[in-house]
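Subject: Structure handover

Hello,

Here is the structure you will be taking over. Please open it first and keep it on screen while you read the notes below.

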Amino acid sequence: MILEVAVLNVKPGLQKEFEKNFRLASDHISSIKGYMGHTLRKCLENENQYLLLVDWNDVESHEIGFRQSPAYLKWKELLHHYYEPFPTVEHYETIFEGIKK
């Protein structure tokens with residue numbers, strides 16, 4: 001499994017509208033083959049900053065399956081105008097994971 005990570009800086013004053021549209025956009029990303037789940041977290045120290053975490057089967061599921069799909073066009077239409085600057089998206093693989101028992 002691959003983790004997509006993006007720090008999203010939302011334009012000031014648009015946080016509530018962004019959060020509402022993010023919920024709508026979630027239907028589009030979750031429809032993609034290879035999608036495993038996603039989380040949006042809001043920064044406590046910076047109210048305009050969010051962390052997007054998306055689990056994919058592999059990088060291709062994100063880079064090709066999602067980004068080259070009609071679902072991505074809907075995602076982009078709903079969300080991309082909120083970002084400043086536009087986020088950098090990176091992919092991570094798990095090397096170690098500690099879980100409390």
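A salt bridge here is a side-chain nitrogen of Lys or Arg within 4 Å of a carboxyl oxygen of Asp or Glu. Please keep in mind that this is a predicted model.

With that rule, the count comes to two salt bridges. In one of them, Glu19 pairs with Lys42, and the closest N and O atoms are 3.6 Å apart. This pair links distant parts of the chain, since Glu19 sits in helix 1 and Lys42 in strand 2, 23 residues apart. Is Glu19 buried or exposed? Glu19 has a relative accessible area of 16%, so Glu19 is buried, the cut-off for buried being under 20%. Lys42 is partly exposed because its relative accessibility is 38%.

The other salt bridge joins Arg67 and Glu63, again with the closest N and O atoms 3.6 Å apart. Arg67 is partly exposed, with a relative accessible area of 32%. Glu63 is partly exposed too, at 30%.

Four strands form an open sheet in the order 2-3-1-4, with antiparallel pairing. Strand 2 (35–42) and strand 4 (89–93) are the edge strands, so called because each pairs on one side only. Averaged over the sheet, neighbouring strands are turned by 20° against each other, direction ignored. As background, strands of a sheet pair through backbone hydrogen bonds, either parallel or antiparallel.

How many bridges join strand 2 to strand 3? There are seven, and the two strands run antiparallel. A hairpin of six residues connects strand 2 to strand 3.

Tyr92 counts as partly exposed because its relative accessibility is 43%. Leaving aside neighbours within four places in sequence, Tyr92 is in contact with Met1, Ile2, Leu3 and Val5. The side chains of Tyr92 and Glu90 are joined by a polar contact of 3.1 Å. Between the C-alpha atoms of Tyr92 and Tyr35, which are 57 residues apart along the chain, the separation is 15 Å.

Two helices lie across the sheet strands. Helix 1 (residues 15–29) lies across strands 1, 2 and 3, strand 3 being residues 49–56, and runs at about 175° to strand 2. Helix 2 (residues 59–66) lies across strands 1, 3 and 4, running at about 150° to strand 4.

In soluble globular proteins, nonpolar side chains tend to be buried together. In this model the largest nonpolar core has 20 residues, and those with the most contacts inside it are Leu8, Phe18, Leu52, Phe66, Trp75 and Leu79. Strand 1, helix 1, strand 3 and helix 3 (70–79) each supply at least two residues of this core. Which element gives the largest share? Helix 3 does, with five residues. Leu52 touches several residues beyond four places away in sequence, including Val5, Leu8, Phe22, Leu40 and Trp75.

Regards

Notes. Residues are numbered from 1 along each chain as its sequence is written. This is a predicted model: local features need pLDDT of at least 70, side-chain atom pairs count only at pLDDT 80 or more; totals for chains, interfaces and linings use all residues. Side-chain values use heavy atoms; hydrogens and water are left out. Two strands pair if DSSP finds at least two bridges between them. Axes are lines fitted to C-alpha atoms, for helices over the stretch in contact, and angles run from 0 to 180 degrees between N-to-C directions. Contact means heavy atoms within 4.5 Å. A nonpolar core is a set of buried Ala, Val, Leu, Ile, Met, Phe, Trp, Tyr and Cys residues joined through side-chain atoms within 4.5 Å. Buried means under 20% relative accessible area, exposed over 50%, partly exposed in between (1.4 Å probe, protein chains only). A polar contact is a pair of N or O atoms within 3.5 Å; within protein, one must be able to donate a hydrogen and the other to accept it, and residues adjacent in sequence count only if both atoms are side-chain atoms.
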